[in-house]
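Trainee: Could you take me through how side-chain features are read in a model of this kind, starting with burial and going on to rings, charges and surface patches?

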Amino acid sequence: MQTAVTPATEAALAAVASTSEVTVVIPAFNEQEAIVREVEMVEAALQPTGWRYEIIVVDDGSADATAERAQSTGAQVIRLPRNRGYGAALKAGVAAARYPWILITDADGTYPTRFIPRLLELTPHHDMVVGARTGEKVHIPLLRQPAKWFLRRMAEYLAEQRIPDLNSGLRVIRRPLVERYRRFLPSGFSFTTSITLALLCNGYAVAYEPIEYEKRIGKSKIRATHAFQFLVQILRMITLFNPLRVFLPLGSVPFIAGLAYLIYDITRWNITDTAVMGVVSGLVIWSLGLLADQNARFNMDRD
């Protein structure tokens, strides 16, 4: 489902397109071993581009010296009083940003900063440019790959388009769009998944640029339970923006089963409650889907 972009949003995006100013937001939680190197590498990548920039490190309630070491680089540091999550840290950084483009990357050294200039080059004609981890050298732990493949395929079906990388943590996005969808963006690791689906389902121009992905410095914060959270968030976002992709197949199951049972009952001249309930259940689910779709269109058009 695509919704119209309001004139106010169009004007804001046009203003962003004409600028070469970017705020880099780096969320960090217990990354004292990597944060100085990351800030220095980001700065080295940005200096030759000619872009005006600022670097904001959001210390997400770290228990180590992450904040102190980040401050030593000259970057602006925002310290959250407790660990609130990846998405919350990003939103805090965006709220403090001065510039109309937002570049996000991780503090653990996994995203090579040499790809940043290329992402910036693609910004004039896009609303978001994602560093897709599809390059020659991609280090993703083997245990995570099946879950990532399943979640990406699910998102592609629901969004009705190909998604090379659903939740890459290296991307550039127009700040007005983060602000527009802020209330839909979670505080956890699903932030990037959510903003991807929000933009794709609403017709914004999203580009994917192949990048490499390195082995992280330090210990990973990703847990097995996060895969379920990603799945729930995908379903939540699609229910918000393209609900028929959820409700139509969901209602088809009881409807088809009930219809088959009803045909069988007719041949016996004995219509049962099971057949009727199956057909009615399917119709009710489809009706809820249509109401959800109309509600989504109304809410988005009102923004």
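Trainee: Is F184 buried or exposed?

Mentor: Buried means under 20% relative accessible area, exposed over 50%, and partly exposed in between, with a 1.4 Å probe and protein chains only. F184 has a relative accessible area of 17%, so F184 is buried. Keep in mind that this is a predicted model, in which local features need pLDDT of at least 70 and side-chain atom pairs count only at pLDDT 80 or more, while totals for chains, interfaces and linings use all residues. Residues are numbered from 1 along each chain as its sequence is written, and side-chain values use heavy atoms, with hydrogens and water left out.

Trainee: How many aromatic pairs are found in the whole structure?

Mentor: Rings of Phe, Tyr and Trp (its six-membered ring) pair if their centres lie within 6.5 Å, and planes under 30 degrees apart count as stacked, over 60 as edge-to-face and the rest as tilted. The search of the whole structure finds five such pairs. One of them joins Y111 and Y213, edge-to-face, at 5.1 Å centre to centre and with 65 degrees between the planes. This pair links distant parts of the chain, 102 residues apart, with Y111 in the loop between β4 (101–104) and α5 (116–121) and Y213 in the loop between β7 (206–210) and α9 (225–241); helices (H or I, at least four residues) and strands (E, at least two) are DSSP runs, numbered from the N terminus. Both Y111 and Y213 are buried.

Trainee: Why is the pair of Y181 and F184 tilted?

Mentor: The ring centres of Y181 and F184 are 6.4 Å apart and the planes stand at 40 degrees, so the pair is tilted. Y181, F184 and Y204 form one aromatic cluster.

Trainee: Which charged residue sits over the ring of Y213?

Mentor: A charge sits over a ring if NZ of Lys or CZ of Arg is within 6 Å of the ring centre and within 35 degrees of the ring normal. Here the charged end of R133 lies over Y213, 5.0 Å from the ring centre.

Trainee: How many salt bridges are there?

Mentor: A salt bridge is a side-chain nitrogen of Lys or Arg within 4 Å of a carboxyl oxygen of Asp or Glu, and the count comes to 15. Among them, R79 pairs with E68, the closest N and O atoms being 3.5 Å apart, and this bridge links strand β3 (residues 76–80) to helix α3 (residues 66–71). Another joins R118 and E121 at 3.1 Å, N to O.
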